[in-house]
Each structure stands twice: as C-alpha cells, then as structure tokens.
Amino acid sequence: MRRLMVDRTYKGVAVCNQFPSKQPWEKCRMSRSCLEAESASCSHASESRLLRIPEQTNHRAWFLYCILEHCSSQALPTCNCLLGKPRHGAVRIPCPRPESLAEAGAGLALESPGASSEAGWVFPRFPETPSWSRGSPAREPAPWPREDRGAARPAPRAQAAADLSRCPRSATLRPAMLRLAMLRPATLRPAMLLPATLRPGAPRLQGLGLGRSPRRPRSVRAREGEEKPPLSAERWKWKDKAETVIIGGGCVGVSLAYHLAKAGMKDVVLLEKSELTAGSTWHAAGLTTYFHPGINLKKIHFDSIKLYEKLEEETGQVVGFHQPGSIRIATTPVRVDEFKYQMTRTGWHATEQYIIGPEKIQEMFPLLNMNKVLAGLYNPGDGHIDPYSLTMALAAGARKYGALLKYPTPVTSLRPRSDGTWDVETPQGSVRANRIVNAAGFWAREVGKMIGLEHPLIPVQHQYVVTATIPEVKALKRELPVLRDLEGSYYLRQERDGLLFGPYESQEKMKVQDSWVTSGVPAGFGKELFESDLDRIMEHVEAAMEMVPVLRTADIINVVNGPITYSPDILPMVGPHQGLRNYWVAIGFGYGIIHAGGVGKYLSDWILHGEPPFDLIELDPNRYGKWTTTQYTEAKARESYGFNNIVGYPKEERFAGRPTERVSGLYKTLGSKCSMGFHAGWEQPHWFYTPGQDTQYRPSFRRTNWFEPVGSEYKQVMQRVGVIDLSPFGKFNIKGQDSIKLLDHLFANVIPKVGFTNISHMLTPKGRVYAELTVSHQSPGEFLLITGSGSELHDLRWIEEEAVKGGYDVEIKNITDELGVLGVAGPHARKVLQKLTSGDLSDDVFKFLQTKSLKVSNIPVTAVRISYTGELGWELYHRREDSEALYDVIMSAGQEEGIGNFGTYAMNALRLEKAFRAWGSEMNCDTNPLEAGLEYFIKLNKPADFIGKQALKQIKDQGLRRKLVCLTLATDDVDPEGNESIWYKGKVVGNTTSGSYSYSIQKSLAFAYVPIELSKVGQQVEVELLGKHYPAVVIQEPLVLTEPTRNRLQKKGGKGTI
C-alpha cells in the first residue's frame, strides 16, 4: 500500500512509494528524505488529509494529478502543486486552467533520466468525484450539424503552453523534465487509479497511431449532466426505517430509486459504498438501441429510450443523449436472413426497424468501405448517452420525488427477520427495510454472500478505443449513426470529431476476472480500470480499419479496459429471489445503460402492484439454481461474451459448461443417440439420429438436418409407441392440513379428487396467467405439482410467497432433483406397460387423468395417465437412480411393438396438432386465460376466491379484444416458430406464439393472436417468414383430436379421426 496526501482546497496531489506507512500527516508537508524540494509546504495545509490507494506498477512515466476546483479561468493560483519522486528531487509545477487541462487530455508527463521504471506513480482515487473531473460547466451538446464547427481553436498543447507562460512562477520549472499532453494516449480518468493503458514508448499500431494530441474520452469530458451536490442537511440525513433499500448506486439502482419515488413510494433509500456510477457505469460506452434479438427485452429497451428522451426536461439535468440511429451491417447472405428473421419479430412491436440497401447505408455512413456490404438493419432513434450524466439526472429525479441517496455508505451486514423485513447494517447505522434490492453490480456476489447466496456472476474485461480528431469525421455535416459490424464483432460510433469502437473478442481471447470470484473484488475498487491489452483485440481493430478506412491514419488517445458483469447467459437477473422473502435483485447487467431505465420501471411496477407488468421470464433470477457452479458460470460467460455478435438462429444451442451435475439417469445411455438440448441445467433429447443421418449441430433459419428424423419420431408415436425423457420437469410435493385451502386459493381450477390429476393455472391479481401446472392429488391432503423445466423456481417462489402471506399450515418441498420422469406414448403404450406391471391399465380401470402408484418390473413409480402428445400415454415418476433400469425394461418389453425414442421437437409438433397451449408461448403474464382459450380450466363459479378471480370477471364482462387462433400455412422450406408478424390488408395485426411443421397434413401450423374480428374459422391472413408473406387461414382446432376424445367419439358411434 502507498499513502498519498491531498490538499482538498487547492487539490494538489503527490504520490510516492516512500511515504511512511503510518505517519499522521496533518499538514501539507512532505518528508525531505522523500522529496528534496526547496519548499514542500502549502498555504492550505489545514484542509489536507490522507487517502489509501492500492499498489500499481509498471508505469513508465511520472504523473501529476491536478484537481482544479478553485483554479480561475482568468488567473492561476499562487501556490504550487508538488510533483516529486523518491530520492530524485521535486519540481514545483503551476496548475494550468481547467479548460486547457481538459483539452490537453488532463495529463502531465514527467520524464526523468534517473527515474526507475518501477517507481510506480499512480493516479489517486477519491471518494467524491472532484468537480474538475467533470470538466467545465455543464452545457448542452452542440446539435448536428454544428454551426460552430469551423471556429478556430488553439491546439491543445499550444493552449496549455500559453497557460503556463502566464504563470508567475513558471521560471522555476525544469523544462527538460516537463512534457504536456504527451501521454500516448492520455488515459486520465476522473477519480480513479489508472494502470498504464498505452505506455510511452509502446509500438505504434499498424495503421492506427498513438495520438500526440489526446482528447479526453466521452465519459470524462465536460460533463453534460453535472450532479448538483446534495444540500448539507441531506448529507447528515438518515432513516431508521425504509420501505425499500436499494444497494448499489450504478445507473440501474438509481433508476429503480427514481421510479419507485416517482410512483409515490415513501421511504426509498439507496445505499452506495463509494460514489454514484462507481463500478461499471462510469466507464461504459453508453450505447442505446431499440434492437434486441429476443422479444420481451425489446420492451425494456423501448421504455429506457423513451425515458431518456424526456429526462432532461423533467429533472433539469442535461444527459447528453444523441440519437443518430444505428445500422447493423450484413456482409454474408446468412446475415441477411438473420435481418429478415428479426424484422418479422419486430413488426408487431412499437419499435421502428428497417432493412436498408447499400446505397442508403453509404448515404448515412459515407466513411464506410462498401465492398462487402450486402444490407443493413437500421433502427432510427438509436444512439448513445453519457452514462455519468444519465445517472446524475436519475439521481436528481429520485431526490426530487423524495428518495434518499446515501454515499459513501457501504452495507456491512444483512439480517432477515421472521416478519419478512430486513436489518441493513452500515457504518452510519442500521435501516429496517420492508424489502431490499441488490443492485450492486460486480459487488453483487459479495452482497449475496452476506445472506448465503452464490449469485452466478463473473466480471469480464471489455475494452474500447477512442481516437483523436479525424478530419473526415470533423468535416461531416451530421452525426454518424452507430455502426455494428457483426462479422468484425465490434461497435463503432462517433465521439466528438473522432471515433470510438469496442470489440467483443472470442471466448478464447477474452479475459475473465476470475480472481474476483474466488477472492472477492479488491477493497476500494470503484472507479478503476484494468491494464489494456491491444493484442487481444487486434483482429477486430484490423477489421474496423478495413470497414472504416479513415481509422488507418487515426491516432488513439484512449483505450478503456473496464470490468462489466456477466451472467452465464449474458442476460441480467431481475426480480424477487426464491428462498428469501423480500429479497430482490437487479444484477448481472452486461449492457446496463440501455437496460437501466426500462428495468427500473419494470421492477418498480412489480414491487408496487404485486405482479410483473409483462412477461420477462428470461431475466428471472430463479432460472439458475444450485447446479450453477462457479466453473459453469465462467465457461458460459466466456462463451456468451465471445458470441456477442454471432448469428442468432432459432432453436440455438450453446455447449460451454455442459453437462452440469443435473443430468438424468439416461444421459449416458442416450447421449450418443441424440441431439441434446439444455433445459434449466438438464440435458434432454431434442431429436434422435437415424442411420446415415447427419448428426452435427447445424442451426438454420430454414429446415435443417433434424427435419426428417423428427418426422420419423412423429410417426413412431402416432403409429406405434415412443419413450421420452421428461426428467427436467419441475416437481413439488405439498402437504399439510391447509394444503387444499392453499391450492384452492392459488389455482383457478377446482382441486382434483384423490387419485386424479388436472391442469391448473395460477393467475396474477390482474388476471394474467402466471403459471400452468398439473396437480395430482396422491393421498388426502398431499399433492404432486408438475411444471415446466424453465419455470421450476419461478413457480415455487410464487407458491411459497402465497403460503407465507396467507399463513397456511403446509409443507412445501422441491423434489425436482430427486425424481426422474419417463413418458410412454402411442397406441401401443398400454400393451407395452401392461407386460411389466400387475396393475390393471385398461381404460375402464386406469382412466384418463388418473394417478396411481405401481411397480413396473419391480421399480416403484407414480403413474399419471397423461401425455403432452395427446396420444394414449403415461408419465412415470420414479427415483432418479432408477431411470436407466426403468428405461431398459420398457425398451425390452416393447420390441415386438416397434418401440422407439422421441424427443421434444416431435412432442412440440404433436402438441400443436392437438391444440395444446404452452406456458411461455400461448400463455404468460402478457395474456389472460380467456383470450388464450383456457376457459375449460377456469372455474369462475367455484366458491374459493382464487387470485385473479375478480379481475377475470371484469375482463369477461368487458369482452375480449383479441383471441388465440390456430393457423395453417403453405410455405416452402421455412416454418413458423413463434413471434412472427401477422399481416392483414398491409398492416401488422398480430403475432404467432409458436409453430411447427404438421407431419399429418404436410403444412406449417402455428398459434397466433389476432383481433377478435379476425378470429373466425376460415379467416385469411398472412404470416411473415424471412421477408415473405405466406397466406394463412384460421382453422377449427384441434387439427388432430386427442386419443381420449377419439375413444369417446368411437364409443358414441362418431368419428374418431382427424
């Protein structure tokens, strides 16, 4: 550790390895054994104090860090900063004006022939950002085109030299030692410790030089949204009780504080361990975009941008929001397909998005090399924002509406209480909170550990490069759109009169800060950067120079290498956490700037109204579990970072970190026979190989190598008998004297009788579908609940929360990992299983939706007569360790019947033909059960006042505006999969929810939401697939009758066929 002394009035700084480690410095005076200077005193000694900074080495220059809060633009101060070096004397240096310092890159370099390269001068870190680091007074960024672009300005070094020449004591300088603005590049950052980014003497990049006239990067240039310091009274303000305590003062945490306070919540407290924006926010590139390859996150992006557009007017804080649009570049035919794929997924959203041709691209971005460009995906309204100014504007808004933002106030302890509240301990005192929200960025793991959680997060290093002024950029009359070269894997935007570009290197080259996971984030780390590593990104730099040739002659003035936090799948974790009452998270943001505004609103709405405002299950923190190890997290984070710009195919699989410990007993048996899919940590067969079949993973926007094998599996189930591994299902056991009351309160369906099963739905208070489960009443008061693999902890959290709120006397146990599940389905399923059990499986004795305990070849199972295929079948629940033995006896017993395997792709085709809805597609928190066609399962007349009942009655009385329908469409080599746009008379009127090829009618099949007036059978619409509009027609559902329905019709003398 080193010590540094700071004069807080004059803000002069000196750093030295040789300072005594414990000397109580009370005056601005340095030991002559350390600094041999004529005078080492300062007239402002009473204001000085000591700070600690971590060790930094390998610097080849000595730096003076001048913080000029009181430097006048008209005159220089009379006292001098001290720049010294161990045993080599000192030099007194007058401070230049703030404006010239900013222009000069805010850096002074001292060359000394006698200085050791290991002396280790560093920039200090301050707990409060000094005002100099935010540059000259806040001002609105000049509009594009700027009218003053041609105004003459003195060169940075010339201006700085002129400032020095006016200093009355400039004669005392040692000219041979002082160089202004000669750092190559100047890497000064506000209030931080700065490892050498590009050291003097570093080799010049081929075609991209190290600048001699550096300009400060955007995130530390003149701050456009300067935070107004809190009133002195607020500094000492404290609350012993709070409705919500937010831990973390990055843009996400501050956004949540803003939205909660604005919505009327009283007693919102935000605690930040150092200062606002510390961590990842302050050094972010600040990109904003409406685009997202997924569906639900488009809404988050939309809400963020709409907030940022009006935030300045609301708060009076300038945020520096530029909206020149953005263009994603396609240089291969498959990228063009991807753009078409994304267009149909965006058409039914509010976002503007267009595919544009090379001519339009060149018009919008004239500096582009068009040799390889085929098309562009253009989003008007995209751009970039200053992260610091954004956060300060949100902070100003939060304070305006009554939130308390306390910093530096680290959280030292979290203690849950029996009533669901929390005691939050800090050095300034304790706060009793009704809920806490972990928004601590890369400190989130440490916060989680306080309460026994291991959040699957890992910091990764991300670099971006800033250039000096480029004449061709300066000559432009309007700001360039943000460019994303997907094959080159980098983004590029205009930064003043230069360019900023940031690559995403491959998973083999990218760097994970794994030591922070094993040893924790270094104490005091907040506004620091890592050593840059240009070698790691050189292939992307070269790609950028090829695509934007003006970069070849540009000078680099800054390379920023900062930590950002990744979750395994690159998406953040947002919402309440299962297993701990009133513990919420907003963590794992690799792209926090564009997510901050929307996520703040989303969480605020959820907290205030008791349900998520829309479906966002892909961000559910409960998608991870105990199977998410540190090794898995690192492997997936590497993969996710490296795959930032790969082609996004439907049915995409990623293989890093697999398998986890969560494999079924059949994994070894089936692993070599099929293509496995990943489901909540489990490996589950998607499709099985056939002899001579291409077995490679070959993703495509069109039909690919799994199309024919899935057709064979479909026939296997429809004509013979098939076996499927369903072990990833979520499985809960609920029992106790209040179990029936609890489930009657949770579910809109009636509670099944003992020995029977039904399909039940949990609704939100507003009548939306929160979950779908099968409920089996095994014995009086004891139930087995089954849900999909992706919603295991999502559903469990809701059940547990309602049980606690209602004070129900029940025992809830998650038995997902204890049980394996095999599905046996097809016309010969009964015949095969009857060979292995003494129990009577006949239709009269073992009815549809009945559940019984059996022994199958002496293996205990809970058998439920149900199958998602819609065919005759059973689901066999058994001990996980018995899976292989059970599978083997079933396969042996079914040889005569031609038994075979089938996977989830075939099951999806089968369930669509039977018109079975799927949670997450046809129903979710965006839909109500009436428009989803689930009336059969909703019992509005049952006595229990289940959650959502009153809201659903109102929805029914008001009438529906849209309805789920089943469509058939004739395509060529592409099939719907869900989220495609539905067109009618030249307008988008709805969207598909899921789709597949129907092997029975040889056409594509899809579910879709359309306006109620377009929902009649026979109605014709169009479905957009890969840029083409295919005719579609609404059909009577189901396309294929279920096996129980066919049997019932046959008994009545009707038709039991399609």
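# Backbone exceptions and salt bridges

P659 sits in the loop that runs between helix α14 (630–642) and helix α15 (667–670), where helices (H or I, at least four residues) and strands (E, at least two) are DSSP runs numbered from the N terminus. The structure is a predicted model, in which local features need pLDDT of at least 70 and side-chain atom pairs count only at pLDDT 80 or more, while totals for chains, interfaces and linings use all residues. Residues are numbered from 1 along each chain as its sequence is written, and side-chain values use heavy atoms, with hydrogens and water left out.

**Backbone**

The peptide bond that leads from R658 into P659 is cis, with omega near -5 degrees. Another cis peptide bond joins E1037 and P1038, with omega about 0 degrees, and P1038 lies in the loop between strand β46 (1028–1035) and helix α23 (1043–1051). As background, most peptide bonds are trans, and most residues other than glycine have a negative phi.

R496, which is not a glycine, has a positive phi near 55 degrees, and its place is the loop between strands β23 (490–495) and β24 (498–503). R496 counts as partly exposed because its relative accessibility is 26%; here buried means under 20% relative accessible area, exposed means over 50%, and partly exposed lies in between (1.4 Å probe, protein chains only). N979 is also not a glycine, yet its phi is positive at about 75 degrees. The loop that holds N979 runs between β41 (962–969) and β42 (981–984), and with a relative accessible area of 22% N979 is partly exposed.

**A buried glutamate**

E792 belongs to helix α18, which covers residues 792–806, and E792 counts as buried because its relative accessibility is 7%. When neighbours within four places in sequence are set aside, E792 is in contact with R662, G730, F732, T787, N814 and T816, contact being defined as heavy atoms within 4.5 Å.

**Salt bridges**

Side chains of opposite charge can pair when their charged atoms come close. A salt bridge is counted when a side-chain nitrogen of Lys or Arg is within 4 Å of a carboxyl oxygen of Asp or Glu, and by this rule the model has 51 salt bridges. The table gives examples.

| Salt bridge | N to O distance |
|---|---|
| D267 and K239 | 3.1 Å |
| D423 and R432 | 2.4 Å |
| R1046 and E871 | 2.7 Å |

The salt bridge between D267 and K239 links distant parts of the chain that are 28 residues apart, with D267 in the loop between α4 (251–262) and β11 (268–271) and K239 in the loop between α3 (232–235) and β10 (241–247). D267 is partly exposed, at a relative accessible area of 33%, whereas K239, at 16%, counts as buried.

R1046 and E871 form a salt bridge that also joins distant parts of the chain, since R1046 is in helix α23 and E871 is in the loop between β38 (859–864) and β39 (873–879), 175 residues apart. R1046 is buried, with a relative accessible area of 16%, and E871 is buried too, with 6%.

In the pair of D423 and R432, D423 counts as buried at 8% relative accessibility, whereas R432 is partly exposed, with a relative accessible area of 30%. Both residues belong to a network of salt bridges that links R415, R417, D419, D423, E425 and R432.
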